[in-house]
Amino acid sequence: MAKLFRAVIMGPPGSGKGTISERIAQRFGLTHLSSGDFVRENIAANTDAGVLAKTYIERGLLVPDHVMTRLLLPRLEEMTRHSWLMDGFPRTLAQAKALNSTCDLDLVISLNIPYETLKDRLSDRWIHPASGRVYNMGFNPPRVQGRDDISGEPLIHHDDDKPEALVARLRQYKDLAKPIINLYKSKGILHTFSGTDTDRIWPYINSLLSTKIPSTSQTDTQRIPMP
Ligand SMILES: Nc1nc2c(ncn2[C@@H]2O[C@H](COP(=O)(O)OP(=O)(O)O)[C@@H](O)[C@H]2O)c(=O)[nH]1
Ligand SMILES: Nc1ccn([C@@H]2O[C@H](COP(=O)(O)OP(=O)(O)O)[C@@H](O)[C@H]2O)c(=O)n1
């Protein structure tokens, strides 16, 4: 069996983690694991952890570490035969340490995007909640306005994508991400990409990953919140 590949993508809200993860999943055949989608699925399914998580998300708070790790780590342990890219986890140093004790990461991508760019993108982000597919009216608009391309279902706008919520979310990201970034830097697996356009960052990420994992023309790549 080919060597498995484990990566994490980090960045503030709106930095393009979901968009870039999709491209990576498609090009390299990794499974894209979105911790945010997984949390939302648990909320929709009314699981114990989902009910608990909802009380935090509704208040614009991060879900506590012990809830997130209880949700995610058992699922990761089921992924022992898959290569994956994790988006949205770890969000804290405690989560990074918990992840560390579960698996060896090969690579961490950190996105460094200016504040004005994040603000513009998020004010225009539309999401299909059931699949996690994400649109932007300028960058990747849906074929039919307000509707998901695949299912035709309505798109929604998250309250916490509004500019008034963004400053606090960004500050929190910076504070929490710093020690995680330092940890990954010290392990020699951190790669940082800066810029205002996903299309200009993507070739660099693509060529980095091409040196680490064989590309695939797979069409059956998955975007699943978690397995
Ligand atoms: N204008 C513009 N929008 C982008 C670009 N890259 C991503 N987006 C959009 O910006 C929003 C945030 O991207 P997303 O991948 O959801 O970021 P995440 O919060 O880090 O997962 C979405 O609406 C994307 O469609 C870009 O280069 N330019
Ligand atoms: N590791 C994580 C991942 C998500 N979450 C919660 O789940 C929400 C949605 O996750 P997301 O990754 O889609 O969020 P954003 O990238 O929009 O911040 C976050 O805003 C947090 O409230 C968390 O608390 N801890």
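Some housekeeping. This is a predicted model, where local features need pLDDT of at least 70, side-chain atom pairs count only at pLDDT 80 or more, and totals for chains, interfaces and linings use all residues. Residues are numbered from 1 along each chain as its sequence is written, chains are lettered from A and ligands numbered from 1 in the order in which they are written, and side-chain values use heavy atoms, with hydrogens and water left out.

Two or more lining residues come from each of β4 (107–112), α6 (115–123) and α7 (163–186), and α7 gives the most, with 6 residues. Helices (H or I, at least four residues) and strands (E, at least two) are DSSP runs, numbered from the N terminus.

Now, α6 itself. Which of its residues are buried? They are Thr117, Leu118, Arg121 and Leu122, where buried means under 20% relative accessible area, exposed over 50%, and partly exposed in between (1.4 Å probe, protein chains only). Seen down the axis, these residues fall within an arc of 120 degrees, so they line one face of α6; the arc is taken from the directions from the helix axis to the C-beta atoms. They pack against β5 (125–128), β6 (133–136), α7 and α8 (198–212), with contact meaning heavy atoms within 4.5 Å.

Helix α5 (residues 93–100) has Gln95, Ala96, Ala98 and Leu99 buried. Their arc is only 160 degrees, which puts them on the same side of α5. Their packing partners are β1 (6–10), α4 (65–77), β3 (84–87) and α7.

On to the annotations. An unreviewed UniProt entry gives "binding site" for Gly14, Ser15, Gly16, Lys17, Gly18, Thr19, Arg125, Val134, Tyr135 and Thr198. These span 185 residues in sequence, yet no two of their C-alpha atoms are more than 14.5 Å apart, so they gather at one spot. UniProt positions follow the numbering used here, feature names are shortened, and annotations may be inferred rather than shown by experiment.

Let's zoom in on two of them. Gly18 sits in helix α1 (residues 17–28) and is buried, at 17% relative accessible area. Thr19 also lies in α1 and is partly exposed, at 24%. Leaving aside neighbours within four places in sequence, Thr19 is in contact with Val134, Phe139 and Thr198.

Lastly, a backbone detail: the peptide bond from Phe89 to Pro90 is cis, with omega near 5 degrees, and Pro90 lies in the loop between β3 and α5. Thanks, everyone!
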